[in-house]
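Have a look at the sequence and the 3D view, then read on.

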Amino acid sequence: MANELAIYAARSENSKGRVHKDDGSEYRNEYQRDRDRIIHSSAFRRLEYKTQVFVNHEGDMFRTRLTHSIEVAQIGRTIARALNVNEDLTEAICLAHDLGHTPFGHAGQDALNACMKDYGGFEHNLQSLKIVDLLEKRYAIFPGLNLTFETREGILKHCSKNNAKTLGIIGERFINNEKPGIEAQIANIADEIAYNNHDIDDGLRAGLLDIESLRKCELVDIHYKRVKEKWPDLSGSHLRHEIIRRMINYVVSDLIETSEELITSVSPIDIDDVRKCGKSLIRMSKKTESMHKALKKFLHDNLYRHERVNLMAEQAKETIDYLFNAYMTMPELLTDELQAVISSESNKIDKMQTTRLIADYIAGMTDRFAFSEHDRISSN
Ligand code: MG
């Protein structure tokens, strides 16, 4: 039997609700319904073929955006359960947090943002919200997935004030400098913990990182020594996994304990109090946070900028630029559905809107679909 939810947790029965009126479910609470809608969405399935760091075709063992999202949800749920806040909501936010990513990881996002610079730019976080609010086509009576306010609040992790002004109530916290609920704060940190650790695993497996240089990071070194003390001869994938699982456990335990203390000291009386209290309540201790940041910086300098990853980034940029320019100059290359929207006489759209449709289309592609579109168009 789960513990009773803390008073500052999000509660399904007190949700600020959905944009479109929607009947409840007999067996599931509102956040479980959100989670299930996300899992059944086509954007979620496409995460399977979207790059996290390594492009999908480099090997079957690497993380994709889908397996990354599942690992984020696992870490998020553990933290939420330990703190007696809403596990279902945390899970829903974690599973949806990367839905708006373009193909080819951050390189793809940068390339599409550059293509869109005269048309309002492209931001994956805003795109995640747009997917669940508008782009998914599943229900006869409303667009998108019609998720609850709290899940949408968690999905919109960052937002410029200018964009926030266009988003109505969901954008207000960025204008008022408020925080989201605790569940959203957990999802945010669970994301960082997940990628810091799984990128070490993937980087080592790919041969782009080695354990000896990783030991320059204190967080790795402490756990390397603990594992070697117990099993001096351990090596290869056993060594890698024994270190990584200890690091995740260490960081997550520290985060839970530090957050518990912080929450007790602030003593929020409900979720609105959490939003208005002026600081994040989900934190690591200063020492662990600095070790975690140092590891993040190490990965930034040694993995994300590795020449093999850079090569992928260049290919990504070329592919996205090519597709964007091709669709802009020859809209007849787009799907019949998109062409019908663009050429509609009854509901005329302008260049800005056409360009956004093209960006949405490219952003929704998987890596391999983007490559195959590139090949299809260039061979004509
Ligand atoms: Mg992520």
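## Cysteines on their own

Start with cysteine 217: its relative accessibility is 4%, so it counts as buried. Keep in mind that this is a predicted model. Cysteine 94 is tucked away too, and its relative accessible area of 0% is why it is called buried.

To count here, two cysteine sulfur atoms have to lie within 2.5 Å, and the count comes to zero disulfides. Take cysteine 94: the nearest cysteine sulfur belongs to cysteine 277 and is 20 Å away, and cysteine 94 is in no disulfide.

## Who holds the magnesium ion?

Which residues are the protein donors of the magnesium ion? They are His68 and His97, each through NE2, plus Asp98 and Asp191, each through OD, at 2.1 to 2.5 Å from the ion. Along the sequence, these donor residues follow the spacing H-x28-H-D-x92-D.

Now pick out two of them, histidine 68 and aspartate 98. This pair links distant parts of the chain, 30 residues apart. Histidine 68 sits in helix H3 (residues 65-82), while aspartate 98 is in the loop between helix H4 (87-96) and helix H5 (105-115). Are they buried or exposed? Both histidine 68 and aspartate 98 are buried.

## Helix H10

Next up is helix H10, which runs through residues 182-205. From first C-alpha to last, the 24 residues of H10 reach 35 Å, close to the expected 34 Å.

H10 is mostly covered, with 21 of its 24 residues buried. After H10 comes glycine 207, which has a positive phi near 80°.

How values were computed
Residues are numbered from 1 along each chain as its sequence is written. This is a predicted model: local features need pLDDT of at least 70, side-chain atom pairs count only at pLDDT 80 or more; totals for chains, interfaces and linings use all residues. Side-chain values use heavy atoms; hydrogens and water are left out. Helices (H or I, at least four residues) and strands (E, at least two) are DSSP runs, numbered from the N terminus. The expected span of a helix is 1.5 Å times one less than its number of residues. Buried means under 20% relative accessible area, exposed over 50%, partly exposed in between (1.4 Å probe, protein chains only). Donors are N, O and S atoms within 2.8 Å of the metal (3.2 Å for Na, K and Ca); water is not among the atoms, so sites may look incomplete.
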